[in-house]
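Please look over the sequence and the model before reading on.

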Amino acid sequence: MDKVFLAIFYACVLFYSLSSVYCMPSCSDAPFAQTCNDFIGQNLAQTQHQTPFTFRDQSLLVTMNQAIEAHQMILDMDLSSFDPKAKLAWADCLELYENTVDHLNRSLSSRNPLDSQTWLSAAIANQQTCQNGFIDFNLGSHLESLPFIMPMSNLSKLLANSLAINKVTVSSSYNTNQGGGRRLLADGFPWWVSAGDRRLLQSPRGAQAADVVVAQDGSGDYKTISEAVTASAHRRSGTKRFVIYVKKGVYKENVEIKKSMKNLMLIGDGIDSTIVTGNKNAQDGSTTFRSATVGVSGDGFIAKDMTFENTAGPQKHQAVALRSGSDFSVFYSCSFKGYQDTLYVYSQRQFYRNCDIYGTIDFIFGDAVVVLQNCNIYVRKPMSSQKNTVTAQARTDPNENTGIVIHNSRVTAASDLRAVQGSFKTYLGRPWQKYSRTLFMKSNLDGLIDPAGWLPWSGNFALSTLYYGEYMNTGSGASTGGRVKWPGYHVITKATDAAKFTVGNFLAGDSWIPSTGVPFDSGL
């Protein structure tokens, strides 16, 4: 009898131990529990042999079905009453929802919930961006014909639920610290940069490693970057790295690297030698998303020794120089020049090293998982009535793994602002969305930064839900004594807290940056 009792006791202990490690997610983990029960509660009850992924996969499946339905509804819409601007916003939505279906399909196929968390965060960013296209044009009334993209639609709730449920799966499957290792290879690159990409990034400038050459004078294979990008589809083998060498020159074109164009690399002749320039902007009828001089959606994109610029000027408002929604994208020794909304770190995992970023309002913005390291951030002179804000991070859900981290960098006035910087207020950032998350770590902040440090977006919006942090910054603008007193603002004093936002931990950079060949600091 005692043996039976002990066997039952040990079985209970074992079950408790396993359940504490592998927590089975349920609708109680979802922010919209009723929607969860309505869509998957009954289906799951009939499922045998459940694993930690069973419930997550059910949630992803019903969410993907809703996304497919939404994409089809957008495709089938009657556009006869839409003016040209509304049609532009509609076109953005069509592409964004196609991408959302892809993100959900990849998440469903993956057994790495850390990847899925990134892709689901990107899907949420897509939905918000679709709405923004209409709102930016003051066409909010058109959203009534698109009820499935609204914040409280079933799809919106299911996306939030899937993100929360997947996060529980992350905790269950990765109960050890996956980001704790800060391995650097002997040459100083993170381990996720392949040996081939390291050689490309370490090699001198020139055409020797290029698959095709772009030259305005006709000495290359193509005269425009867009022609070379289009040609890459039939000139490459599979999805291996395809290198486009862009010779010195000013290329006046808008380049779009679609999601099917994976592992492309642009190598120029250096900052301010190879320049891609455009001037699309919101004032003249472009959505912010589509205003980018260069827009990148294909995963694994790398750029080196290039300048990307938008010359629309501050009076034209939103005007993007580069937009990246490329997972595992890397920018090394590049320059981004614009005014409002210069660098759109749109979504997924991104790394910037030894780059220059110029702008005025919200000029590093978006909802990516991004670290900018060893970069120079130059604040330009805005219009007379404007204030400068370096960042505007767009996290809309507390379970997203996104944020902007600026590490070992410098924030200073550009030449046009330096003489008059006392006439304009400059802030580190403001919260574009409710759960905005931005950190400045071990960076030099010049005296142009206002003592308050951060600027509200509108009234009290997001001040208690955002996460803004500063850690061991230096310079005459780095004092935290006069900083805002918002609940969401933090002066970080412990290295262990700051370490959560390093390349190695926040970006899991040790797992992918080495393959690109870009040097980086994995830890603080």
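## Salt bridges

In this predicted model, K316 is partly exposed, at 22% relative accessibility. K316 forms a salt bridge with D284, with the closest N and O atoms 3.1 Å apart. D284 is exposed, with a relative accessible area of 54%. The two are 32 residues apart: D284 is in the loop between β6 and β7, and K316 is in the loop between β9 (307-310) and β10.

The whole structure has 18 salt bridges. Another one joins R290 and D92 (3.0 Å, N to O). R290 is in the loop between β6 (274-278) and β7 (294-296) and D92 is in helix α4 (residues 84-109), so the pair ties together parts 198 residues apart in sequence. D92 is buried, at 3%, whereas R290 is partly exposed, at 21%.

R323 and E256 also meet in a salt bridge (2.6 Å, N to O). Salt bridges with shared partners join D92, E95, E256, R290 and R323 into one network.

## Helix α5

Helix α5 covers residues 113-136. Its 24 residues should span 34 Å at 1.5 Å a residue, and its end C-alpha atoms are 34 Å apart, which agrees. Of these 24 residues, 21 are buried.

At the start of α5, a side-chain oxygen of N112 comes within 2.9 Å of the backbone nitrogen of L114. Just after the helix, N138 has a positive phi of about 55°.

## Nonpolar cores

The largest nonpolar core has 60 residues; I225 and F336 are among those with the most contacts inside it. Helix α8 (residues 225-235) gives the most to this core, with 4 residues. F336 touches residues including F308, L322 and Y352. A second, separate core has 41 residues, including A70 and Y344.

Notes
Residues are numbered from 1 along each chain as its sequence is written. This is a predicted model: local features need pLDDT of at least 70, side-chain atom pairs count only at pLDDT 80 or more; totals for chains, interfaces and linings use all residues. Side-chain values use heavy atoms; hydrogens and water are left out. A nonpolar core is a set of buried Ala, Val, Leu, Ile, Met, Phe, Trp, Tyr and Cys residues joined through side-chain atoms within 4.5 Å. Buried means under 20% relative accessible area, exposed over 50%, partly exposed in between (1.4 Å probe, protein chains only). Contact means heavy atoms within 4.5 Å. The expected span of a helix is 1.5 Å times one less than its number of residues. A polar contact is a pair of N or O atoms within 3.5 Å; within protein, one must be able to donate a hydrogen and the other to accept it, and residues adjacent in sequence count only if both atoms are side-chain atoms. A salt bridge is a side-chain nitrogen of Lys or Arg within 4 Å of a carboxyl oxygen of Asp or Glu. Lists of a residue's contacts leave out its neighbours within four places in sequence.
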